[in-house]
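Hi everyone, thanks for coming. Let me put the sequence and the structure up on the screen, and then we can walk through a few spots together.

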Amino acid sequence: MARRTRLLLPGIILLALVFLVPQVTFASGTGESQSIKLGFVNMRTGFGSIHGLHAYRAVKMAVDEINASGGLLGKEVILVEEDSHTEVDLALQKLNKLIKQDKAAATVVFVFSNILEAQLDIAKKEKHLLLGGGLNEGTFVNHYLFGAYAQPNQWIYPIMNWAAKDKGKKAYLIGSDYAWGRGSLDAAKKHLPDIGATLAGEDYYPLGTTDWAPAVQKIKDSGADWILPMVAGNDYVMFLKAFFDFGLKGKITVANTIFNEEDSPAFPPDIRDGLMTGATYFTSVPTAENKAFLEKLRAQFGKDVFMTNFGEAYYDMVMMWAKAVKTAGTTQTEPVIKALEAQGPFLGPQGKLTVDPKTHAYYMNSYLGKVNADGSISVVESLGESAPQPVVSTDARIVP
Amino acid sequence: MEQLAVAILNGLTLTMILSLIALGLAVIFGLRGVINLAHGEFFMLGAYAVVISDQFLPKYWAGLLLAPLLIGAVGWVVERLVIRHLYAKPLDTLLATLGLSIVIREGVRMTGGAGYKYTSVPFTGNLHLLGVDYPVYRLFLIAITAAAFLLVLYFFLFTKYGVQIRASIANREIAGALGINTSRVDQIVFIIGSALAGFAGAIMSPIIPLSPNMGVDFFAKSFLVVIVGGVGSFSGALAGAGLIGGGESILSSVIRPIIAQAFILLLAIVVIRFRPYGLFRK
């Protein structure tokens with residue numbers, strides 16, 4: 001009993017602190033009118049945590065750059081980052097918090113399709129602007145979403161074209177069994193006839209699959225010339241490890257689309273050397289904008305850091321949002337959406353990005369890259385800018 | 001025929017790994033009713049031990065030897081500092097080990113980064129066996145896990161400590177009354193259980209991606225193995241792993257993988273319905 005009473009006082013103090021501290025910070029804060037808050041539901045922990053750091057760096061850089069040039073509408077932009085633990089429920093809670101408690105003007109959201117889909121429901125209900133980036137399966141078209149998301153024709157087709165031209169006509173498609181994996185491969189399947197390729201096999205595996213040996217065996221027996229894997233997150237590396245483990249490197253080509261510098265440390269140098277991958281951005285993209293971008297990035301975060309296609313797209317998206325806020329003269333959702341729709345080309349590190357006002361998707365750039373033994377990725381071909389072709393019909397879109 | 005041979009070898013790989021992880025989990029649970037939710041993190045630490053030793057010591061082999069020793073030591077510290085105080089309250093150990101698992105996972109993420117790591121691969125290439133080419137390393141993996149399993153079996157069946165542990169699992173009070181130092185038995189079991197997880201992590205490290213989260217999926221599977229196989233039983237760990245890991249692996253090669261997984265889970269439910277204490281517990 002004595003022990004309980006002893007704990008009582010510290011307990012009460014602790015509780016009081018927990019409840020009071022946030023109130024105090026709000027009360028002593030700079031006040032609503034002095035700043036504009038930009039929310040960010042990131043993935044710092046959990047399944048997708050590997051992507052979180054680079055995404056944060058990119059968004060932070062964009063916000064710092066905006067503030068360094070005088071802020072927005074005379075106000076400072078404050079970045080409020082939340083961690084979703086890569087879970088849908090938590091991501092929704094955090095988005096609600098950013099909208100209702102922080103009164104964020106807009107929120108940057110991460111790429112995982114199941115999370116984005118759920119967040120879009122909230123955005124529609126709360127009439128809140130979501131900013132995204134990276135790549136998707138082409139089914140996210142919404143009034144409240146602007147995303148420098150590469151559509152399948154921008155991030156999948158280039159590597160398929162290369163594989164069909166150089167490696168053979170028999171393709172094997174393998175994916176994670178959820179919206180993104182299936183959606184991406186559906187889009188890929190439609191493109192096979194265009195490049196004269198045929199389907200040697202198709203297979204889907206649940207998220208969290210630990211044993212990829214059966215999958216690799218099926219691929220080996222299928223007689224495929226190349227494979228197009230749409231396996232998400234950790235599973236992707238697990239799959240590739242099994243694939244190389246069974247000695248298929250050099251026999252069957254892997255047409256990578258989501259392989260970047262985050263993934264290369266998972267493989268020994270002799271295995272990663274020479275892998276081919278396609279994306280909208282690599283650290284080595286040879287544009288003047290990218291050179292300046294990397295200089296700033298490395299001055300801020302260390303001389304060896306690299307950037308991912310996700311991060312680069314977030315940077316572009318936040319900069320374009322800031323431009324739209326200036327044009328609109330307000331942070332209110334509808335005027336900013338109108339300004340974003342009317343916005344002309346933006347020169348980002350990857351090259352020119354231009355919005356398609358009908359789908360809120362972007363004209364983006366495609367690159368083919370080769371992974372080097374040291375883990376870096378060199379650009380072997382710049383394919384230039386292309387129009388976004390979302391998979392959903394454009395009539396079904398954009399109902400506020 | 002060839003496909004069947006490969007499917008069986010694949011199934012065997014996963015069976016042996018899961019049985020090692022599950023064995024550690026099962027003996028700890030069998031002895032004191034503690035479900036160590038940080039067991040998957042011990043598996044992860046075992047793999048990271050190889051990553052670290054790769055940088056200082058001769059490639060891979062040193063790590064493979066070091067990992068079980070190090071993780072056994074980690075297990076011992078955890079038993080002394082945390083678990084020991086909670087034996088009377090098994091439910092609290094769930095909370096404590098869950099907390100521990102988060103601390104270890106996020107601690108590794110903070111110190112080593114969220115990104116992937118790799119270890120050196122001791123052998124590459126394929127061996128012609130049963131009419132098929134199969135990676136040498138996977139064959140080695142099957143052999144060495146089987147050897148480790150037999151070694152632990154020998155320890156439990158034929159050594160003094162092994163007898164003491166089995167006596168304590170069977171009836172703790174009487175074992176204590178007969179002069180067995182049951183507290184020391186607890187420590188030994190925890191060390192062995194942790195070391196097994198660490199060893200499994202080290203042996204798997206060349207063929208799976210290494211990240212702070214890597215233990216989670218393996219833990220979930222091995223937990224299922226323990227439930228299906230029955231706690232505190234060697235044959236249970238092996239049979240459970242064969243059913244969960246091997247079954248799924250072999251089925252996945254013939255039917256759709258998602259159906260294979262669902263089917264195996266259904267089978268597990270059926271087993272638990274008719275044998276609530278697992279396949280091998282009376």
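Let's start with this: in which helix of chain B does F219(B) lie? The answer is helix α9, which runs over residues 215–229. Before I go further, please keep in mind that this is a predicted model.

Staying with F219(B), is this residue buried or exposed? With a relative accessible area of 14%, F219(B) falls under the 20% cut-off, so we call it buried. If you set aside the neighbours within four places in sequence, the contacts of F219(B) are L25(B), N36(B), L37(B), H39(B) and G40(B). For orientation, T93(B) is 126 residues away from F219(B) in sequence, and the two C-alpha atoms are 16 Å apart in space.

Now to the nonpolar core. The largest one has 217 residues. Its members that touch the most other members are L38(A), W226(A), L228(A), F243(A) and W321(A). Helix α1 of chain B, residues 2–32, supplies the largest share of this core, with 16 residues. As a general remark, nonpolar side chains tend to be buried together in soluble globular proteins.

Take W321(A) as an example. Not counting residues up to four places away in sequence, W321(A) touches I36(A), L38(A), L72(A), A105(A), A106(A), L129(A), L131(A), V336(A) and L340(A).

Next, the aromatics. How many aromatic pairs are there over all chains? The count comes to 26. In one of them, F243(A) and F244(A) have ring centres 5.6 Å apart and planes at 80°, so this pair is edge-to-face. F243(A) is buried, at 0% relative accessibility, and F244(A) is buried too, at 9%. Both belong to an aromatic cluster that also includes Y205(A), W212(A), F239(A), F259(A) and F267(A).

In chain B, R32(B) sits over the face of Y87(B), 4.0 Å from the ring centre. R273(B) does likewise over F274(B), at 5.2 Å.

Last stop, the backbone. Most residues other than glycine have a negative phi. Here, T86(A) has a positive phi of about 55° without being a glycine. You'll find T86(A) in the loop between β2 (76–83) and α3 (88–100) of chain A, and its relative accessible area of 12% makes it buried. K127(A), also not a glycine, has a positive phi of about 50°. Look for K127(A) in the chain A loop between α4 (113–126) and β4 (129–135).

How values were computed. Residues numbered from 1 in each chain as written. Chains lettered and ligands numbered in written order. Predicted model: local features only at pLDDT ≥ 70, side-chain atom pairs only at ≥ 80, totals over all residues. Heavy atoms only, no water. Core = buried A, V, L, I, M, F, W, Y, C linked by side-chain atoms within 4.5 Å. Buried < 20%, exposed > 50% of the residue type's maximum accessible area, 1.4 Å probe, protein only. Helix = DSSP H or I, 4+ residues; strand = E, 2+ residues; numbered from the N terminus. Contact = heavy atoms within 4.5 Å. Phe/Tyr/Trp six-rings, centres within 6.5 Å; stacked < 30°, edge-to-face > 60°. Lys NZ or Arg CZ within 6 Å of the ring centre and 35° of its normal.
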